[in-house]
Amino acid sequence: MKFTDKIYKAAAEEHIVAARELYRAKKFLLTTYLSGVAVECLLRAFRYRINPEFDARHDLSLLFKTSGIASRISVGQLYAISSALTVVEFRWSNDHRFRSSNDFRRYLKRQRLDRGIKGDFVKENARIAVVAAEEFVQIGVALWNHSSKDSIES
């Protein structure tokens with residue numbers, strides 16, 4: 001199956017909802033993983049409009065740079081979406097799909113993402129990741145809808 005920009009965008013919207021459901025179900029590793037995948041899907045949707053060739057790397061920063069999003073939003077939105085991306089990037093790895101919950105805990109400790117958190121740092125990091133990913137997807141979808149309207153009117 002060939003993925004298109006619309007398929008990637010729809011996947012991003014569905015995945016962020018599923019990530020929130022996983023968080024409520026206390027599936028924190030999967031919450032974090034799917035939050036990152038939602039962001040990746042949206043970035044791939046925008047990148048596809050520029051270059052439909054598939055890039056197999058799961059590098060969110062590189063996808064952001066090649067997506068063209070930065071040049072299409074206000075400075076305030078750029079700050080918000082960049083901050084959300086950074087928060088997700090610090091917690092997400094495509095390798096999480098192979099991790100156990102215990103290994104995910106060790107991963108967060110190695111990244112020093114347990115520092116300054118009272119209580120369950122795995123849960124808190126999952127919450128932080130899904131909130132940031134939701135913000136990223138929300139801003140990105142609004143931009144998508146606005147830019148789709150512009151292209152229809154042109």
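**Helices, cores and rings in a predicted model**

Modeller: Arg 112 is found in the loop between helix 5 and helix 6; helices here are DSSP runs of H or I with at least four residues, numbered from the N terminus.

Biologist: What is the phi of Arg 112?

Modeller: Arg 112 has a positive phi of about 65°, although it is not a glycine. Most residues other than glycine have a negative phi.

Biologist: Is Arg 112 buried or exposed?

Modeller: Arg 112 is exposed, with a relative accessible area of 57%. Exposed means over 50% relative accessible area, buried means under 20%, and partly exposed lies in between, with a 1.4 Å probe and protein chains only.

Biologist: What kind of model is this, and how are residues numbered?

Modeller: This is a predicted model, in which local features need pLDDT of at least 70 and side-chain atom pairs count only at pLDDT 80 or more, while totals for chains, interfaces and linings use all residues. Residues are numbered from 1 along each chain as its sequence is written, and side-chain values use heavy atoms, with hydrogens and water left out.

Biologist: Back to phi, then. Where does Lys 26 lie?

Modeller: Lys 26 lies in the loop between helix 1 and helix 2. Its phi is near 65°, a positive value in a residue other than glycine. Lys 26 counts as exposed because its relative accessibility is 58%.

Biologist: Changing topic: how many residues are in helix 4?

Modeller: Helix 4 (residues 75-91) has 17 residues. From its first C-alpha to its last it reaches 25 Å, close to the 24 Å expected at 1.5 Å a residue. The expected span is 1.5 Å times one less than the number of residues.

Biologist: Which residues of helix 4 are buried?

Modeller: In helix 4, Ala 80, Ile 81, Ala 84, Leu 85, Val 88 and Arg 91 are buried. They cover an arc of only 130° around the axis, which puts them on the same side of helix 4. The arc is that of the directions from the helix axis to the C-beta atoms.

Biologist: And which are exposed on the other side?

Modeller: On the other side of helix 4, Val 75 and Tyr 79 are exposed.

Biologist: Which residues touch the most other members of the largest nonpolar core?

Modeller: That core has 36 residues, and Val 39, Leu 43, Ile 69 and Phe 136 touch the most other members. A nonpolar core is a set of buried Ala, Val, Leu, Ile, Met, Phe, Trp, Tyr and Cys residues joined through side-chain atoms within 4.5 Å.

Biologist: Which helix gives the most to this core?

Modeller: Helix 2 does, with 11 residues.

Biologist: What is Ile 69 in contact with?

Modeller: Leaving aside neighbours within four places in sequence, Ile 69 is in contact with Leu 43, Phe 46, Phe 64, Ile 81 and Leu 143. Contact means heavy atoms within 4.5 Å.

Biologist: How many aromatic pairs are there?

Modeller: The count comes to four aromatic pairs. Rings of Phe, Tyr and Trp (its six-membered ring) pair if their centres lie within 6.5 Å; planes under 30 degrees apart count as stacked, over 60 as edge-to-face and the rest as tilted.

Biologist: Why is the pair of Phe 46 and Trp 144 edge-to-face?

Modeller: The ring centres of Phe 46 and Trp 144 are 5.3 Å apart and the planes are at 85°, so the pair is edge-to-face. This pair links distant parts of the chain, with Phe 46 in helix 2 and Trp 144 in helix 6, 98 residues apart. Phe 46 and Trp 144 are buried.

Biologist: What about Phe 104 and Tyr 107?

Modeller: Phe 104 and Tyr 107 form a stacked pair, 6.4 Å centre to centre with 10° between the planes. They are three residues apart in helix 5 (residues 101-110), so about one helical turn separates them.

Biologist: Which residue lies over the face of Trp 144?

Modeller: Arg 49 does, at 3.6 Å from the ring centre. A charge sits over a ring if NZ of Lys or CZ of Arg is within 6 Å of the ring centre and within 35 degrees of the ring normal.

Note on methods:
Helix = DSSP H or I, 4+ residues; strand = E, 2+ residues; numbered from the N terminus.
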